[in-house]
Amino acid sequence: MKAQVIVKLKESVLDPQGMAIGRSIAAMGHKGVNLVRQGKIFDIDLNAKTPGEAEAILKDIGEKLLANTVIEDFEAKLL
Amino acid sequence: MKIGVVVFPGSNCDRDCGQAISKVTGAQILYLWHKNFDLEGCDVIVLPGGFSYGDYLRCGAIASHSPIMQEVKAAANRGMPVLGICNGFQILTESGLLPGVLMRNRSLNFICETVSLKLENAKTPFTRKGKVGAVSRMPIAHMEGNYFADAETFKTLEGEGQVVFRYCDEKGQVTEASNPNGAMGNMAGICNKAGNVLGLMPHPERVCEELLGGTDGAVLFRSLLG
């Protein structure tokens with residue numbers, strides 16, 4: 001089964017990297033880009049008998065490893 | 001006394017820690033490989049600085065899932081003194097032994113300089129020979145030292161005396177200008193509720209000999225002696 005996990009900083013957490021990228025975009029001459037937030041995408045191939053089982057596995061690895069839930073949220077989807 | 005220094009792939013302050021701690025305490029130093037499931041009878045554990053697992057995913061994230069960390073977690077929960085320095089601090093937060101997280105420095109720069117620190121908790125096994133309010137000078141060298149915790153955790157840390165070191169100016173004033181990395185409340189080092197687990201970004205092991213620029217860090221290791 002193929003899946004994707006997206007990890008993003010929580011909205012309440014400042015993202016200096018995203019802001020630096022935003023300033024760089026403005027320096028390129030694009031004046032209309034208001035906000036950039038940087039995240040991570042994990043493409044995952046896993047064995048599971050049912051979509052439910054796959055979702056449970058993704059939730060476990062998302063919570064315990066891929067995201068630090070103090071500052072990050074994640075969403076997992078089966079492709 | 002036996003003191004274990006954990007060695008992860010990418011640790012680079014392990015030998016410095018071993019050398020400094022051995023010189024200050026006279027204790028036997030054991031280097032514990034990250035694949036060990038055994039703390040080999042150590043009485044104290046030190047997680048040294050460096051770039052464990054190349055800082056892959058997040059600093060300390062992969063290390064927190066290594067075999068030896070399962071043993072360190074169990075020992076810490078039984079009350080064993082555990083000290084995490086720099087990357088070691090990041091590993092402690094990632095493994096849940098300390099709350100919060102170390103984020104990228106506010107400036108987005110790697111910061112390598114000597115900072116002033118104010119001691120705020122002299123009850124931990126690593127600071128009990130220090131004096132509350134004392135100002136010391138220690139080097140920092142990190143990219144991710146910007147301590148962050150949610151509002152509730154922040155309140156608990158402040159309320160329960162879990163802030164052990166704060167960045168300050170040379171007179172001991174905790175100011176915004178003396179905060180090198182953006183850490184919440186100028187927090188440079190914090191401990192768990194029980195006080196036996198301490199994490200800090202500055203490197204005490206680098207200031208244990210006059211020849212190397214100072215001895216302000218030695219108190220952390222001297223405190224381990226009876």
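**Entry 1: Asn87(B)**

I started with a side-chain pair: Asn87(B) makes a polar contact with Gln90(B), side chain to side chain, at 2.9 Å. I kept in mind that this is a predicted model. Asn87(B) sits in helix H3 of chain B. Is Asn87(B) buried or exposed? I found a relative accessible area of 1%, under the 20% cut-off, so Asn87(B) is buried. Next I listed what Asn87(B) touches, setting aside neighbours within four places in sequence: Pro48(B), Gly49(B), Gly50(B), Phe51(B), Ser52(B), Asp55(B), Cys59(B) and Gly60(B).

**Entry 2: two positive phi values**

I then looked at Cys86(B), in the loop between strand E4 (82–85) and helix H3 (87–94) of chain B. Its phi is near 60 degrees, a positive value in a residue other than glycine. Cys86(B) has 5% relative accessibility, so I noted it as buried.

I found Glu40(B) in the loop between strand E2 (28–33) and strand E3 (44–47) of chain B. Its relative accessibility is 35%, so Glu40(B) counts as partly exposed.

**Entry 3: the cores**

Which residues touch the most other members of the largest nonpolar core? I got Phe8(B), Ile45(B), Leu83(B), Tyr147(B), Phe165(B) and Leu220(B), out of 65 residues. Helix H2 (residues 67–77) of chain B gives this core its largest share, five residues.

I followed up on Ile45(B). Not counting residues up to four places away in sequence, Ile45(B) touches Gly4(B), Val6(B), Leu32(B), Leu39(B), Val72(B), Met80(B), Pro81(B), Val82(B) and Leu83(B). There is also a second, separate core of eleven residues, with Ala3(A), Ala48(A), Ala54(A) and Leu58(A) among them.

**Entry 4: where chain B meets chain A**

Last, I turned to the interface. Twelve residues from chain B and 15 residues from chain A take part in the contact. Together the two chains bury about 1200 Å², 68% of it on carbon and sulfur atoms. On the chain B side, I saw that Leu57(B), Arg58(B) and Leu108(B) lose the most area to chain A, together 42% of what that side buries.

How many salt bridges did I find between chain B and chain A? The count is one. I located a salt bridge between the side chains of Arg58(B) and Glu72(A), at 3.7 Å from N to O. The side of chain B that touches chain A divides into six nonpolar, two polar and four charged residues.

Definitions and conventions: Residues numbered from 1 in each chain as written. Chains lettered and ligands numbered in written order. Predicted model: local features only at pLDDT ≥ 70, side-chain atom pairs only at ≥ 80, totals over all residues. Heavy atoms only, no water. Core = buried A, V, L, I, M, F, W, Y, C linked by side-chain atoms within 4.5 Å. Buried < 20%, exposed > 50% of the residue type's maximum accessible area, 1.4 Å probe, protein only. Helix = DSSP H or I, 4+ residues; strand = E, 2+ residues; numbered from the N terminus. Contact = heavy atoms within 4.5 Å. Polar contact = N/O pair within 3.5 Å; in protein donor to acceptor, adjacent residues only side chain to side chain. Buried area = accessible area lost by both parts, 1.4 Å probe. Salt bridge = Lys/Arg side-chain N within 4 Å of Asp/Glu carboxyl O. Nonpolar A, V, L, I, M, F, W, Y, C, P; charged D, E, K, R; others polar.
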